[in-house]
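Hi,

Here is the structure I promised to pass on to you. Have a look at it first, and my notes follow below.

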Amino acid sequence: MSVTPFLVLSALLFTIGAVGVLVRRNAIVVFMCVELMFNAANLALVTFARQHGNLDGQIAAFFVMVVAAAEVVVGLAIIVTIFRTRRSASVDDASLLKY
Amino acid sequence: MIAFWILAPLMVAAALGMVVVRKAVHSALLLAVVMVSLAILYAVQDAPFLAAVQVIVYTGAVLMLFLFVLMLVGVDTNDSLVETLKGQRVLAVLVGLGFGVLVVLGAAQAVVGPPLGLQGANRGGNIEGLAALLFSDYVFAFEVTSALLITAALGAMVLAHQERLDPKPTQRDLAQQRVRDYAATGRPLGPLPSPGVYARHNAVDTPALLPDGSTADVSVSRVLQARGSVRSAAGLADDVDGAVQSIDGASMHRRDEDERGRHP
């Protein structure tokens with residue numbers, strides 16, 4: 001099977017994730033949308049590995065997963081810290097630097 | 001490639017739902033659908049190791065972490081509908097639509113030859129091939145990854161750590177406080193009485209009976225009292241009368257049937 005449908009699906013998922021980051025206010029949901037974008041990129045990488053007939057793409061996807069896991073840990077810790085101090089998980093409320 | 005055509009619409013629908021639904025927990029569950037489907041697509045594309053890692057790391061660890069923090073931060077924190085930037089939502093959707101059309105058309109119209117496939121690369125096994133690459137060409141990136149993971153773990157610990165502002169109450173403090181409460185309000189020193197245990201009733205919603213026949217209200221949970229599902233002492237007696245009557249009625253009925261059976 002050609003790789004094009006996989007790439008189109010990957011592009012669709014990435015777009016949906018990007019729109020979600022822009023539209024949603026809840027920090028945790030925004031974070032989930034970022035994860036969706038990571039996953040879309042991973043799908044493209046795995047597809048490219050199949051297209052080129054070597055495993056470099058899969059290695060890249062593997063590293064993306066590792067970095068995503070580390071990023072989730074730190075990001076969620078930051079969200080919990082902000083929630084503790086400001087009693088809100090909304091990204092609009094973390095705007096003290098503006099003033 | 002039936003798997004792809006079944007999973008692709010499902011994934012897009014789940015991803016759209018994730019952005020649209022109001023409750024964050026539902027978003028997390030829809031994200032789980034997308035991630036498990038992705039694992040299947042990896043397996044279809046000759047990447048069994050990544051499929052397993054996807055299920056274990058993403059749906060297992062990352063999503064669990066998401067749900068955990070969601071429960072910690074409060075599941076009922078809904079999105080605020082106040083727009084800080086005017087027209088941001090509409091603009092975001094428009095920009096996303098434009099971006100999506102651009103990328104999807106770009107991907108769809110790219111001229112690519114037939115895929116080479118991974119039969120050659122996976123000849124000695126997918127995991128063996130990945131390991132050979134990981135520990136030769138990518139060994140430096142792999143080592144740096146370990147530093148990243150340690151940094152992330154330490155960072156999370158530092159961020160989640162909370163200094164105590166007041167000293168922790170010792171057992172002695174707690175005991176003294178309990179006696180002081182007893183002196184002030186007459187709160188009993190010992191544990192609260194347990195609910196009554198009767199043959200015909202679930203014990204937790206049944207108050208214990210005091211020697212004078214009244215009920216001990218502190219023996220049932222306040223939640224049950226607020227719901228109004230606590231039985232009163234009189235109600236208990238009624239129930240017993242009803243049970244006795246029904247037993248009598250049933251035995252009488254059975255005797256009638258026996259008689260009829262004997263003389264048809």
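Let me start with one proline: B:Pro48 is partly exposed, since 16 other C-beta atoms lie within 10 Å. By the cut-offs used here, a residue is buried with 20 or more other C-beta atoms within 10 Å of its own, exposed with 12 or fewer, and partly exposed in between, with C-beta atoms placed from the backbone. B:Pro48 sits in helix 3 of chain B. Apart from neighbours within four places in sequence, B:Pro48 is in contact with B:Ala43 and B:Asn126, where contact means C-beta atoms, placed from the backbone, within 7 Å. Its C-alpha atom is separated by 19 Å from that of B:Ala8, 40 residues apart along the chain.

A word on conventions: this is a predicted model, in which local features need pLDDT of at least 70 and side-chain atom pairs count only at pLDDT 80 or more, while totals for chains, interfaces and linings use all residues. Residues are numbered from 1 along each chain as its sequence is written, and chains are lettered from A and ligands numbered from 1 in the order in which they are written.

Now the overall picture. Chain B has nine helices and two strands; these are DSSP runs numbered from the N terminus, helices being H or I with at least four residues and strands E with at least two. From the N terminus, the order is α-α-α-α-α-α-α-β-β-α-α. Of the 264 residues in chain B, 19% are buried.

B:Asp46 lies in the loop between helix 2 (24-44) and helix 3 (48-73) of chain B. B:Asp46 is not a glycine, yet has a positive phi of about 60°. Most residues other than glycine have a negative phi. B:Asp46 counts as buried because it has 20 C-beta neighbours inside 10 Å.

Axes are lines fitted to C-alpha atoms, for helices over the stretch in contact, and angles run from 0 to 180 degrees between N-to-C directions.

What about the partner chain? In chain B, 68 residues are in contact with 63 residues of chain A. Helix 3 of chain B gives the largest share of that side, eleven residues. The side of chain B divides into 53 nonpolar, twelve polar and three charged residues.

Helix 1 is worth a look too. Helix 1 of chain A and helix 1 of chain B pack at an angle of about 5°, with their axes 9 Å apart, so they are roughly parallel to each other. Among the residues that meet there are A:Leu9 and A:Ile16 from chain A and B:Met11 and B:Val19 from chain B. B:Met11 and B:Val19 are also among the buried residues of helix 1 of chain B.

Happy browsing!

Methods
Contact = placed C-beta atoms within 7 Å. Nonpolar A, V, L, I, M, F, W, Y, C, P; charged D, E, K, R; others polar. Parallel < 35°, antiparallel > 145°, perpendicular 65-115°, else oblique.
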